[in-house]
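Subject: Structure handover

Hello,

I am passing this structure on to you. The sequence and coordinates come first, and my notes follow.

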Amino acid sequence: MSDDTSGQDLPAGFGFRPYRGDEDHGPMAAVRLGCVERDRVDARSVVEGLPTAAEIAEASAKLDEPSNNQVLVVRDGSVVGYSTIRWWQERDDTWLYLHRGYLLPEHRDQGIGSAMLRWAEERIRRLVERHGTARTAVIGANAMISEQDATALLLAAGYRCAFSLVELELGDLRQLPEPGSELPAGIRTGPIGTSHYRAAWSTVVDSYADTGFTQKWSFQDFVDTANPACWRAAWNGQDMVGVALCSIRGNDHTVGEVEELSVRTDQRRLGIGRILLLDGLRSLREQGATTARLYTGTANPHRSYDLYESVGFRRQNEYVRYRKPLA
């Protein structure tokens, strides 16, 4: 199948058409809402929740050539599904081309999901050829553990799990435990100011040095999205040794997110991470959050979820990244 949008291998009555902008955001949001029950979507998820039309508009605006890299499935003029493609370079120089599809449950098991998959893969192959990235490119796709239909489709098409993230929630920020230990001698904690940004960015980036499948994150990207009201750091003298980067969710100010918790390798197992985490959670509470969310890799060698569970976080869902060779 070519990367046109004729939909020649869709069932009768269905077709592909390019994304058209504002008129599509409401129908696309309705597709996501229609998948909630079947796929057990967690609307409050910070990994992949239930986006509004405005949030879909914002995400679409960030795509390269959205009308070419986003396709809608229509039946009798109504949007019943859609697929999106985006790409980035990872730390090991792999170019990951990620597609993500959504289809209303009542239209599944008719070959439509497979046609959406073929459209995405063919489009990605053309993009790779245009970008000249064939040597390091792979195809990726995401699915939650609870999305049984999407998981089966991907596995049948030759995709394999690369890694997974588990999302956790702390249900009541009023019930935070005490730190339980003092900071090691010479260590102090406090807020992060603009003069600390490069040290904070470096602390996070260095913590991913041995981690696969992580996106390259420039200092400029860090600065562009900085929201330091709930950020906390630990210092040993003048040296930053750890950070907790927390933020209030834009679409729901009662939900806080722990975006990053990083402690330098030689300072781990000293209780710094727990104290930083609790500092960050208290700052979220002071900003009006009542619950907190975070996600972490299931293969995390430092078993950070043990720390999170000791503070009161509980597992919600698991999000799997699948990969498939380009050839």
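This is a predicted model: local features need pLDDT of at least 70, side-chain atom pairs count only at pLDDT 80 or more; totals for chains, interfaces and linings use all residues.

Residues are numbered from 1 along each chain as its sequence is written, and side-chain values use heavy atoms, with hydrogens and water left out.

Strands

Strand β5 covers residues 137–144, and eight of its eight residues are buried, so the rest of the structure largely encloses β5. Buried means under 20% relative accessible area, exposed over 50%, and partly exposed in between, with a 1.4 Å probe and protein chains only. Ala137, Ile139, Ala141 and Ala143 point one way from β5, while Val138, Gly140, Asn142 and Met144 point the other way.

β5 pairs with strand β4 (residues 95–103) in the parallel sense, over five bridges. Strands count as paired if DSSP finds at least two bridges between them. Opposite Ile139 in β5 stands Tyr97.

Strand β1 (residues 14–18) has four of its five residues buried, so β1 too is largely enclosed by the rest of the structure. Five bridges join β1 to strand β2 (residues 70–75), and the two run antiparallel. Pro18 has Val71 in β2 as its bridge partner. Phe16 lies in β1 and is buried, with a relative accessible area of 6%.

Single residues

His99 sits in β4 and is buried, at a relative accessible area of 6%. Its side chain and that of Tyr159 are joined by a polar contact of 2.8 Å. A polar contact is a pair of N or O atoms within 3.5 Å; within protein, one must be able to donate a hydrogen and the other to accept it, and residues adjacent in sequence count only if both atoms are side-chain atoms. Leaving aside neighbours within four places in sequence, His99 is in contact with residues including Thr84, Leu117, Ile139, Asn142 and Tyr159. Contact means heavy atoms within 4.5 Å. His99 and Arg86 are 13 residues apart in sequence, and their C-alpha atoms are 6.6 Å apart.

Ser283 belongs to helix α9 (residues 272–286). Ser283 counts as buried at 2% relative accessibility, and touches Cys230 and Arg232 when residues up to four places away in sequence are not counted.

Asp76 is in the loop between β2 and β3 (78–89) and counts as exposed at 71% relative accessibility. Arg269 is in the loop between β10 (255–263) and α9, and counts as exposed at 73%.

Cavity and pocket

Which residues line the largest cavity? They are Arg32, Cys35, Asp39, Val41, Glu48, Gly49, Leu50, Tyr102, Met144 and Glu147. On a 1 Å grid over the protein atoms alone, a cavity is a set of points where a 1.4 Å probe fits but cannot get out; a pocket is an open set with protein on both sides within 12 Å along at least five of seven lines, and lining residues have an atom within 4 Å of a point. The structure holds one cavity of 30 Å³ or more, and the largest cavity has about 70 Å³ of space. Volume is the space filled by probe spheres set on the points, with grid points joined across faces, edges and corners.

Glu48, in that lining, is in the loop between α2 (36–39) and α3 (53–61). Glu48 counts as buried at 17% relative accessibility. Its side chain makes polar contacts with the side chains of Arg100 (2.8 Å) and Tyr102 (3.2 Å).

The second largest pocket has a volume of about 430 Å³. Its lining has 24 residues, of which Gly101, Gly113, Asp149, Ala150 and Leu153 lie nearest its centre. At least two lining residues come from each of β4, α5 (112–131), β5 and α6 (148–156).

Regards
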